[in-house]
Amino acid sequence: QGCLPTRACCGEGAGHFGAAMLFLLRALQGLSAGGEVGSIATYFAETAPRGMLARGTATVMICAILAFLLASGVVELVLLALGPDRMMLWGWRLPFLLALPPGLVSFWGRSRLAESAEFLAVAEQQAQRESRSEHAQCPTRTVPTSSADAAADNSGTQDHSKRPRPHALLRDHALSVAVGFGCSLAGTCAFYLGIWAVHHTMQGGLAESQVLLVAMLTMATTASTIACWSYACDKHGGSDPFLGAGLGGACLAVAGVPIFWALASWPGHLGVAVVCLCGCYGIASGLALGPLFVLAVDLFPAELRVLGYGLTLNLAMSYVGGTASVVAQALDGLHPVAPGVYVASVGGLSAARAMVARCWRARGLLPSYVVPAKGPIEARHEAASV
């Protein structure tokens with residue numbers, strides 16, 4: 001992307017080609033990242049030490065936010081070093097080129113990760129089922145002498161491996177898909193709408209450097225909140241994702257309207273922007289985002305986990321988070337507080353869904369497929385027994 005032609009260097013036709021290729025490559029980059037993040041979150045959940053499930057999966061979101069923070073800092077440094085004119089002429093290429101070395105390191109490390117024990121066990125079970133299925137279809141197979149023998153001989157041959165995985169997921173885990181998507185609405189909407197809100201303060205009179213400061217502080221607050229939530233959840237909550245998702249959604253439902261009312265009442269005021277966005281909004285967003293990764297992987301068995309993640313959190317991130325800034329911009333034209341009403345409504349919806357899902361799990365209607373973390377009582381009992 002950093003080597004694409006532009007109108008300034010190569011003429012009008014090359015500039016149109018470069019713009020089209022940039023759009024295409026960015027779309028492919030987003031598609032690749034969206035497909036990989038589900039695998040990474042699943043891997044972290046399956047390899048996290050017992051008692052660190054929430055912290056293990058929350059690391060994915062913390063690293064993503066820190067990457068946004070680092071990227072913003074790099075762009076600002078390049079802009080300060082080169083100036084606006086040279087930045088627009090050729091300096092915009094540097095952040096793209098600087099991303100190549102860490103990308104190669106990530107690719108090298110990713111290719112050398114050992115598969116998790118849970119994944120290997122599932123792969124072995126599927127191989128055994130396929131072997132039994134091939135044996136059952138062999139013409140030289142032994143004819144069963146009883147219905148019991150036939151049932152035993154056919155065990156495993158009618159499993160999910162014979163159905164397309166999306167069909168198996170939607171047929172057997174439709175409730176989990178609906179719950180995962182609904183609980184993800186608040187966090188995904190808050191993340192992208194927060195980016196819009198920070199940059200929208202520039203229209204209120206904040207300088208570009210002040211907007212960048214607010215953006216970096218908001219991301220830092222969100223990442224810190226996720227880290228604190230995951231630690232508290234592992235230590236005292238048994239890694240229950242629904243409690244955290246409900247709390248985050250409720251915070252957004254309560255704080256959404258007051259935050260945007262304050263921003264509209266004191267436009268261009270740095271202190272108000274710091275308190276409202278860096279403080280209140282950053283904390284509420286962190287509480288809503290923190291549980292999402294462990295929630296998405298906890299709802300599905302290992303053989304369907306990555307696909308389930310894609311149909312819940314990834315879809316919510318794409319269709320709700322991806323359109324949040326567009327919706328906020330349209331609502332802002334109606335009333336400055338309308339974006340706050342929108343994020344509050346989405347937060348309330350997610351909070352309600354999370355609390356209902358928690359009741360369903362208590363009744364056994366929504367199983368957990370990830371080994372839960374040790375609660376404090378269990379840990380004390382184990383220590384006492386030793």
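Are Glu46 and Arg305 buried or exposed? Both are buried, where buried means under 20% relative accessible area, exposed over 50%, and partly exposed in between (1.4 Å probe, protein chains only). The tour reaches this pair at its second stop.

**Before you click**

This is a predicted model: local features need pLDDT of at least 70, side-chain atom pairs count only at pLDDT 80 or more, and totals for chains, interfaces and linings use all residues. Residues are numbered from 1 along each chain as its sequence is written, and side-chain values use heavy atoms, with hydrogens and water left out.

**Stop 1: the whole chain**

Show the cartoon. The protein has 17 helices and 0 strands. Helices (H or I, at least four residues) and strands (E, at least two) are DSSP runs, numbered from the N terminus. Of the 386 residues, 39% count as buried. Now think about contacts, meaning heavy atoms within 4.5 Å. Take those with a separation of 6 or more: residues 24 or more positions apart account for 79% of them.

Next, colour the transmembrane regions. The unreviewed UniProt entry lists residues 60-83, 89-109, 174-198, 210-230, 242-264, 270-294, 306-331 and 337-356. UniProt positions are given in the numbering used here, feature names are shortened, and annotations may be inferred rather than shown by experiment. Select 306-331: the span is 100% helix and 0% strand, with its end C-alpha atoms 35 Å apart. Then select 337-356. Here the figures are 95% helix and 0% strand, and the end C-alpha atoms lie 29 Å apart.

**Stop 2: Glu46 and Arg305**

Select Glu46, in helix α2 (residues 12-47). Glu46 counts as buried because its relative accessibility is 17%. Show its surroundings. Beyond neighbours within four places in sequence, Glu46 is in contact with Ser116, Glu118, Phe119, Ala302 and Arg305.

The rule for a salt bridge is a side-chain nitrogen of Lys or Arg within 4 Å of a carboxyl oxygen of Asp or Glu. By this rule the count comes to 2.

**Stop 3: Asp298 and Arg361**

Which side chain meets Asp298 in a salt bridge? Select Arg361: the N to O distance is 2.5 Å. This pair also links distant parts of the chain, with Asp298 in helix α14 (residues 292-298) and Arg361 in helix α16 (residues 338-362), 63 residues apart. Asp298 is buried, at 4% relative accessibility. Arg361 is partly exposed, with a relative accessible area of 21%.

**Stop 4: helix α10**

Select residues 174-200, helix α10. Its 27 residues should span 39 Å at 1.5 Å a residue, and the end C-alpha atoms are 38 Å apart, which agrees. The expected span is 1.5 Å times one less than the number of residues.

Where does α10 bend? Centre on Leu185, where the bend is about 40°. That is the angle between axes fitted to the seven residues ending there and the seven starting there.

**Stop 5: aromatic rings**

Show Phe, Tyr and Trp side chains. Rings (for Trp, the six-membered ring) pair if their centres lie within 6.5 Å; planes under 30 degrees apart count as stacked, over 60 as edge-to-face and the rest as tilted. The count comes to 5 aromatic pairs. One of them is Phe191 with Tyr192, which is edge-to-face because the planes stand at 85°, with centres 5.1 Å apart. Phe191 is buried at 12%, whereas Tyr192 is partly exposed at 29%.

Move to Trp261 and Trp266. Their centres are 5.7 Å apart and their planes at 90°, so this pair is edge-to-face. Trp261 is partly exposed at 47%, and Trp266 is partly exposed at 44%.

**Stop 6: Ala245**

Finish at Ala245, in helix α12 (residues 241-265). Ala245 counts as buried, at 2% relative accessibility. Not counting residues up to four places away in sequence, Ala245 touches Pro291, Leu295 and Ala354.
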